Amino acid sequence: MNKTININLGGYPFTIDEDAYVTASHYLDTLTNHFSGSEGEAEIMQDIESRMGELVSRNKGSRVIVNKIDVLEAIAVLGTPEELQDIDFSQAEIKQKKAKSSSFQLKTGKRLFRDPDDQIVSGVCSGLASYFGIQDAVWIRIAFVLLTMLGGASVMVYIVLWAIVPEAKTVSDRLEMMGEPTNVNNIAKMVKEELEGLSDKIQETFSKKQKKHRFGQTPHSSGHDDDQPLTSGFSWDGKLPLRKKEKVTYDHKDFV
Amino acid sequence: MKAQMRKGVLDMCILSLLSTEAMYTSDIIERLKKSNLVIVEGTLYPLLTRLKNGDLLEYYWMESNSGPPRKYFKITEKGRSFLADLKDSWTEINEAVSLTTQKQS
């Protein structure tokens with residue numbers, strides 16, 4: 001026994017088994033996703049839906065209720081999303097990319113985030129500074145302190161901002177915070193900077209250890225050998241910028 | 001590569017099919033399937049929409065005795081001149097390719 005549902009598929013009325021309905025609706029949803037962002041997506045989906053209705057009604061013949069096989073046959077004729085990818089999707093994809101890049105252009109307007117990289121209390125001030133394009137967050141901080149001393153409600157304002165402004169957690173958050181378009185290049189740049197910062201930290205930790213234990217030849221360069229596959233393609237030469245003035249007395253190659 | 005090439009000629013084939021008569025989408029698909037240019041129907045709808053939005057095609061609704069009205073596509077004037085251009089460059093490419101490949105063999 002199967003429940004039936006009454007549907008209108010592209011202008012064709014059907015009484016359809018529940019499992020067949022689930023299949024059909026999942027298929028159409030996948031396709032909608034697939035074409036989303038491409039030119040005239042609504043129209044494409046409308047055409048596909050009415051064609052699907054036609055196919056199903058043909059498959060059904062004189063039967064009263066549409067079953068799953070009818071739906072599956074119609075899907076086979078129309079093509080699964082994987083098959084659609086084959087010929088035309090690359091074109092749709094280009095369109096999609098265009099659409100996306102233009103929407104990213106719109107997004108170039110900054111968003112307010114708290115900056116976890118430059119925080120004293122919670123990063124509200126540095127977030128405000130990047131939002132208003134002020135180079136140094138210290139001015140905002142001074143303003144806050146002054147306002148507090150003048151007896152303003154700035155402490156309250158600060159706490160409210162702390163509570164409602166999200167922290168810039170991801171790379172794209174940070175790009176949006178700085179008002180740079182979120183595209184692949186910028187993200188790659190950001191990740192690269194982050195990795196360099198990380199390797200700086202590793203370097204520092206290792207050089208501290210070196211001092212402590214007087215390890216003459218701690219092969220700390222192995223640390224970034226592990227990092228390297230992550231940055232492949234980002235044209236990072238793999239050299240660690242040395243912060244400390246200590247000179248490395250051995251060649252990195254010796255340990256590879 | 002093969003898919004790329006096929007994609008390139010699909011536009012021309014559709015325009016060429018429609019240059020003689022207005023056709024219903026599934027009839028277009030039927031014809032293209034016969035020549036193995038299209039395997040699944042779904043690929044054609046984005047293409048037709050794109051050509052239509054580029055004013056190369058237009059459509060009208062036709063009543064059907066079985067079910068809702070059908071969309072019939074036909075070529076526009078702009079489509080015709082575009083098709084002529086396409087055909088010209090197709091011939092050029094064809095000649096160029098056969099010339100080069102003949103020299104190689």
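Helix H5 (124-132) and helix H6 (138-149) of chain A each supply at least two residues of a nonpolar patch, where helices (H or I, at least four residues) and strands (E, at least two) are DSSP runs numbered from the N terminus. This is a predicted model, in which local features need pLDDT of at least 70 and side-chain atom pairs count only at pLDDT 80 or more, while totals for chains, interfaces and linings use all residues. Residues are numbered from 1 along each chain as its sequence is written, chains are lettered from A and ligands numbered from 1 in the order in which they are written, and side-chain values use heavy atoms, with hydrogens and water left out.

The patch lies on the surface and consists of Tyr131(A), Phe132(A), Ile134(A), Val138(A), Trp139(A), Ile142(A), Val145(A), Leu146(A) and Met149(A), which together have about 900 Å² of accessible area. Patches are made of residues with over 30% relative accessible area and no salt bridge, with like charges joined within 9 Å and nonpolar side chains (Val, Leu, Ile, Met, Phe, Trp, Tyr) within 5 Å; accessible areas come from the Shrake-Rupley method with a 1.4 Å probe, and for residues only the protein chains shown count as cover. The largest share, six residues, comes from H6(A). Val138(A) has its place in that helix, H6 of chain A, and counts as partly exposed because its relative accessibility is 35%, given that buried means under 20% relative accessible area, exposed over 50%, and partly exposed in between (1.4 Å probe, protein chains only).

In helix H5 of chain A lies Ser130(A), which counts as buried because its relative accessibility is 16%. A polar atom of the Ser130(A) side chain lies 2.8 Å from the backbone oxygen of Ser126(A). Leaving aside neighbours within four places in sequence, Ser130(A) is in contact (heavy atoms within 4.5 Å) with Lys110(A) and Met177(A).

Turning to the two chains, the contact takes 26 residues from chain B and 25 residues from chain A. Between them the chains bury about 2200 Å², 53% of it on carbon and sulfur atoms, buried area being the accessible area (1.4 Å probe) that two parts lose on being put together, summed over both. In chain B, Lys7(B), Val40(B) and Tyr45(B) lose the most area to chain A, together 24% of what that side buries.

Across this interface the rule finds five salt bridges, each a side-chain nitrogen of Lys or Arg within 4 Å of a carboxyl oxygen of Asp or Glu. The side chains of Lys71(B) and Glu43(A) meet in a salt bridge, at 3.4 Å from N to O.

Terms used: A polar contact is a pair of N or O atoms within 3.5 Å; within protein, one must be able to donate a hydrogen and the other to accept it, and residues adjacent in sequence count only if both atoms are side-chain atoms.
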